[in-house]
Amino acid sequence: MGRRMLVEGAGFRVGWDPGGGEFMGLVGTMEWAVELTVEEWADFRRLAIELAQTMAAMAIELMDEEALSVELETDRIWMEAEGFPLRYGLRFMTQGGRGVEGAWLAEAVPGLLAAIAQMDVEASREDL
């Protein structure tokens with residue numbers, strides 16, 4: 001079984017606890033946090049990565065002063081990136097039984113995305 005991980009940085013924190021029961025994932029800032037189910041965590045990670053890829057791809061399509069908003073969702077998570085292609089905030093809401101909403105400022109998003117990637121790499125190493 002994998003080990004517990006927590007990554008914190010300027011304006012964000014994410015965590016994973018394989019022994020956490022129903023709620024194994026954690027997302028938040030230093031001011032707030034929410035635990036996510038395995039399925040919510042998987043959707044959160046996938047949508048955050050897809051939004052980052054979409055925003056990066058839009059950088060060549062837009063002029064520097066043009067901002068945009070991109071939304072993605074699953075049955076469990078709705079997520080939005082809003083701002084400029086290379087500097088945007090993220091917001092999410094859970095969909096289903098419990099309502100949770102959270103957001104990260106543009107300054108925190110690069111670290112948040114890097115932490116998600118780092119946790120994915122660490123989890124893969126645990127599986128070996």
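Gly28 stands opposite Ala33 in E4, where strands are DSSP runs of E with at least two residues, helices are DSSP runs of H or I with at least four residues, and both are numbered from the N terminus. The model is predicted, with local features requiring pLDDT of at least 70 and side-chain atom pairs counted only at pLDDT 80 or more, whereas totals for chains, interfaces and linings use all residues. Residues are numbered from 1 along each chain as its sequence is written, and side-chain values use heavy atoms, with hydrogens and water left out.

Strand E4 (residues 33-37) runs antiparallel to E3 and is joined to E3 by 5 bridges; two strands are taken to pair if DSSP finds at least two bridges between them. The hairpin formed by E3 and E4 has 4 residues between the strands. On the other pairing, strand E2 (residues 12-16) and E3 are antiparallel over 4 bridges. Within that pairing, Gly15 stands opposite Leu26 in E3, and Trp16 stands opposite Gly25 in E3. The hairpin of E2 and E3 has 6 residues between the strands, and Gly21 in this hairpin takes a positive phi near 75 degrees. In general, strands of a sheet pair through backbone hydrogen bonds, either parallel or antiparallel.

These pairings belong to an open sheet of 4 strands, ordered E1-E2-E3-E4 with antiparallel pairing. Strand E1 (5-9) and E4 are the edge strands, each pairing on one side only. From one strand to the next, the twist averages 15 degrees. Helix H1 packs on the sheet and touches E2, E3 and E4, and the direction of H1 makes about 105 degrees with that of E4. Contact here means heavy atoms within 4.5 Å; axes are lines fitted to C-alpha atoms, for helices over the stretch in contact, and angles run from 0 to 180 degrees between N-to-C directions. Strand E3 (residues 23-28) is largely enclosed by the rest of the structure, because 5 of its 6 residues are buried. Buried denotes under 20% relative accessible area, exposed over 50%, and partly exposed the range in between (1.4 Å probe, protein chains only).

Thr29 is placed in the loop between E3 and E4. With a relative accessibility of 7%, Thr29 counts as buried. Its side chain reaches the backbone nitrogen of Glu31 at 3.0 Å. A polar contact is a pair of N or O atoms within 3.5 Å; within protein, one must be able to donate a hydrogen and the other to accept it, and residues adjacent in sequence count only if both atoms are side-chain atoms. Leaving aside neighbours within four places in sequence, Thr29 is in contact with Gly11, Phe12, Arg13, Ala103 and Trp104.

Aromatic pairs were assigned where ring centres of Phe, Tyr and Trp (its six-membered ring) lie within 6.5 Å, with planes under 30 degrees apart counted as stacked, over 60 as edge-to-face and the rest as tilted. By this rule the count comes to 7 aromatic pairs. Trp41 and Phe44 form a stacked pair, at 6.1 Å centre to centre and 15 degrees between the planes. Both residues lie in helix H1 (residues 38-58), 3 residues apart, about one turn of the helix. Trp41 is buried, with a relative accessible area of 8%, and Phe44 is buried at 0%. Phe44 also forms an edge-to-face pair with Phe92, at 5.6 Å centre to centre and 80 degrees between the planes. This pair links distant parts of the chain, with Phe44 in helix H1 and Phe92 in strand E7 (residues 87-94), 48 residues apart. Ring pairs link Trp16, Trp32, Trp41, Phe44, Phe92 and Trp104 into a cluster.

The largest nonpolar core has 32 residues, and those with the most contacts inside it are Val27, Phe44, Leu90, Phe92 and Trp104. H1 gives the most to this core, with 7 residues. Such a core is a set of buried Ala, Val, Leu, Ile, Met, Phe, Trp, Tyr and Cys residues joined through side-chain atoms within 4.5 Å. Leu90 is in contact with residues including Leu51, Met79, Val109 and Leu112, neighbours within four places in sequence being left aside.

Val100 has its place in the loop between E7 and strand E8 (101-104). At 16% relative accessibility, Val100 counts as buried. The C-alpha atoms of Val100 and Val34 are separated by 7.7 Å, although the two residues are 66 residues apart along the chain. Not counting residues up to four places away in sequence, Val100 touches Val34, Phe92, Met93 and Thr94.
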